[in-house]
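Please read it alongside the sequence and the coordinates shown here.

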Amino acid sequence: MVDPSTAVPLGADDTRPRRARSIPPVSSHDRRAYGALDLGTNNCRLLIARPADDGFVIIDAFSRIVRLGEGLAGNGRLCDAAVDRAVSALCVCGEKLRRRRVHIARSVATEACRQASNGAQFIERVRHETGIALDIISTEEEARLAMLGCSALLEPGEVPALIFDIGGGSTELILVDTTGPQPRTVNWFSAPWGVVSLTEVEPVDQADEAGRIAAYARMRARVADAFAPFVPHLPAVAADTARLLGTSGTVTTLASVHLQLPSYNRRAVDGLVVPAEAMRGISRQLAALPVAERALLPCIGTERADLVVAGCAILEAILDMFPAERLCVADRGIREGILRTLMARDGHGW
């Protein structure tokens, strides 16, 4: 597990709205800005925030789909085009960190950089061109940060809850005990399938609907096989009391489709509780559509149209092994977990 002391002090777009708060006067120490950057297999995301009484206030944000893991499943390397896209996005992040005079930041990279044979060379190029020191974190640390970032949305309960994070190159499953003063990880598991890696090995966009449905079934079976070692560790719990919380672009996208939003609205999605069967129904409808029709749907568009079906297959595999009646949706995760860790180290606890 990576210690937060690896956070890097700094020297001299998704701007999804965060809830505005009135901030009482604070000391110059408390006005420090903190940064959290998560470079995943599919997305590059940054949050910059300042501490507040009940958490933190976001003062800047950035998100861009970079598809860093494009082609990785086939050749084991980060391709030149993907590296260029990621570096371009990270240049924007570096400028934001400097402009906001960030006191301390932590920048992490996940599955694509863990797997790629040229991951170290990529990290060095990023440091040289952007000034950002990326920390390639373990799957365990990735799960821990995701849990810290979103566990506040879990309803109270005596039986461990399941948090999942569907990424671009892997999916993290975290069993969490919430009976104590702070949430505690009971067990965790990382499966090597995310929306990018699964799409590349099991193309779902067949010419006819029957072919698409068959490919979707193969996706679900592949993920179920990967999850199988974790199933014996899941608690026996009734479906109506099982607590399930998802943090990923997949669940926020499907929640937006469920709400029939004309455009993404974080306030409407973050913390939303959706019937599991509704999410299954949307997943199967999307899997049956050709990619061109998926691209026309609000909150999916061309950037997500080809990858969303893999996310649906992973979600359904999770619902198959942990059949909760309801699913809570989180538009928060690793970045928020990083911010909480950094601020707590400086004495900002909540």
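The points below are grouped by topic.

The model is predicted. Helix H13 covers residues 308–321, and 13 of its 14 residues are buried. Strand E3, residues 43–52, pairs with E2 in the antiparallel sense and is joined to E4 by 10 bridges.

**Helix H13**

- The 14 residues of H13 should span 20 Å at 1.5 Å a residue, and the end C-alpha atoms are 20 Å apart, which agrees.
- H13 is largely enclosed by the rest of the structure, because 13 of its 14 residues are buried.

**Nonpolar cores**

- The largest nonpolar core contains 53 residues. Leu162, Phe164, Leu173, Phe227, Leu244, Leu315 and Ile318 have the most contacts inside it.
- Another core, of 30 residues, lies apart from it and includes Leu37, Ile59, Ala105 and Cys113.
- Once neighbours within four places in sequence are left aside, Leu315 is in contact with Phe164, Ile166, Val251, Leu254, Met279, Ser283 and Leu327.

- Strand E3 is mostly covered, with eight of its 10 residues buried.
- Six bridges pair E2 (residues 33–39) with E3 in the antiparallel sense. Tyr34 has Ala49 of E3 as its bridge partner.
- E2 is joined to E3 by a hairpin through three residues.
- E3 and E4 (residues 55–65) run antiparallel and are joined by 10 bridges. Leu46 has Phe62 of E4 as its bridge partner.
- The hairpin formed by E3 and E4 has two residues between the strands.

**Positive phi at two arginines**

- Arg67 is not a glycine, yet its phi is positive, at about 50°. Arg67 sits in the loop between E4 and helix H1 (72–75).
- Is Arg67 buried or exposed? Arg67 has a relative accessible area of 19% and is therefore buried, the cut-off for buried being under 20%.
- Arg101 also has a positive phi of about 50° although it is not a glycine. Arg101 is in the loop between helix H2 (80–99) and strand E5 (102–109).
- With a relative accessibility of 75%, Arg101 counts as exposed, the cut-off for exposed being over 50%.

Note on methods:
Residues are numbered from 1 along each chain as its sequence is written. This is a predicted model: local features need pLDDT of at least 70, side-chain atom pairs count only at pLDDT 80 or more; totals for chains, interfaces and linings use all residues. Side-chain values use heavy atoms; hydrogens and water are left out. Helices (H or I, at least four residues) and strands (E, at least two) are DSSP runs, numbered from the N terminus. The expected span of a helix is 1.5 Å times one less than its number of residues. Buried means under 20% relative accessible area, exposed over 50%, partly exposed in between (1.4 Å probe, protein chains only). Two strands pair if DSSP finds at least two bridges between them. A nonpolar core is a set of buried Ala, Val, Leu, Ile, Met, Phe, Trp, Tyr and Cys residues joined through side-chain atoms within 4.5 Å. Contact means heavy atoms within 4.5 Å.
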